[in-house]
Amino acid sequence: LDTQRFDESEKMLKQAMDIFKRLAETNPQAYEPALANCYNDLGVLYYNTQRFDESKQMHKVALEIYKYFGNDKEYVIPDEIDGKKVTEIGSYAFSGCGELTSVTIPDGVTYISYDAFDSCTSLETITIPTSVTSIGYRAFNNCTSLKSITIPASVTYIDSEVFYNCT
């Protein structure tokens, strides 16, 4: 990949990202997946030019943007999204999913970020795999229907108020 083509490609992807960021402010369900794809494509571009740290960061942002936008009562989080292994449940990824009653997190996820399941008021059960080592601040904040959760021995860090306002 020559420098001029790289620069042009990088510029076009960043312009597309700016557009999708603005559109996502008004309609996140329609435009956040496209924004995540732009981050992913930029990550591939960086990888192909051996800018590995930047590539890793772009892929991480892409995976964090992918959010759950469904209205299923039971949901099994996929272990891969667009060929990328899911390793983290991002902040607010399921926040406010009021219909959700059950979630299964795939093996390979190591971190459940802060407020990941905030205000999932119908969430009753969650399955956490042994790959998870850390659970962030208020990860299950306001999950007022939570009845069953098993925290495996692999979890070595649980931040404060993980189950704040749970009954």
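**Cores, salt bridges and surface of the predicted model**

The largest nonpolar core has 25 residues, and those with the most contacts inside it are Ile 89, Phe 94, Ile 105, Ile 112, Phe 117, Ile 135 and Phe 140. A nonpolar core is here a set of buried Ala, Val, Leu, Ile, Met, Phe, Trp, Tyr and Cys residues joined through side-chain atoms within 4.5 Å. Buried stands for under 20% relative accessible area, exposed for over 50%, and partly exposed for values in between (1.4 Å probe, protein chains only). A second, separate core of ten residues includes Leu 35, Cys 38, Tyr 46 and Met 58.

The model is predicted: local features need pLDDT of at least 70, side-chain atom pairs count only at pLDDT 80 or more, and totals for chains, interfaces and linings use all residues. Residues are numbered from 1 along each chain as its sequence is written, and side-chain values use heavy atoms, with hydrogens and water left out.

Contact means heavy atoms within 4.5 Å.

The protein has three helices and ten strands, in the order α-α-α-β-β-β-β-β-β-β-β-β-β from the N terminus. These elements are DSSP runs numbered from the N terminus (helices: H or I, at least four residues; strands: E, at least two). Of the 167 residues, 38% count as buried. Among contacts between residues at least 6 apart in sequence, 39% join residues at least 24 apart.

Three salt bridges were found in a search of the whole structure, the criterion being a side-chain nitrogen of Lys or Arg within 4 Å of a carboxyl oxygen of Asp or Glu. One of them joins the side chains of Glu 10 and Lys 14, at 3.5 Å from N to O. Both residues lie in helix H1 (residues 3-26), four residues apart, about one turn of the helix. Glu 10 is buried, with a relative accessible area of 14%, whereas Lys 14 is partly exposed at 39%. Apart from neighbours within four places in sequence, Glu 10 is in contact with Leu 42, Leu 45, Tyr 46 and Arg 51; Tyr 46 also belongs to the second core.

Another salt bridge pairs Glu 99 with Lys 73, with the closest N and O atoms 3.7 Å apart. Glu 99 lies in the loop between strand E4 (88-89) and strand E5 (102-104), and Lys 73 in the loop between helix H3 (52-65) and strand E1 (74-76), so the pair ties together parts 26 residues apart in sequence. Glu 99 is partly exposed, at 47% relative accessible area.

In the salt bridge between Arg 138 and Glu 161, the closest N and O atoms are 2.6 Å apart. Arg 138 is in the loop between strand E8 (134-135) and strand E9 (148-150) and Glu 161 in the segment after strand E10 (157-158); the pair therefore ties together parts 23 residues apart in sequence. Arg 138 counts as buried at 19% relative accessibility, and Glu 161 as partly exposed at 35%.

The loop between E8 and E9 also holds Tyr 137, which is partly exposed at 31% relative accessibility. Tyr 92, Tyr 114 and Tyr 137 form a nonpolar patch on the surface, with about 280 Å² of accessible area together. Patches are made of residues with over 30% relative accessible area and no salt bridge, like charges being joined within 9 Å and nonpolar side chains (Val, Leu, Ile, Met, Phe, Trp, Tyr) within 5 Å. The protein exposes about 9,200 Å², of which carbon and sulfur atoms supply 48%. Accessible areas come from the Shrake-Rupley method with a 1.4 Å probe; for residues, only the protein chains shown count as cover.
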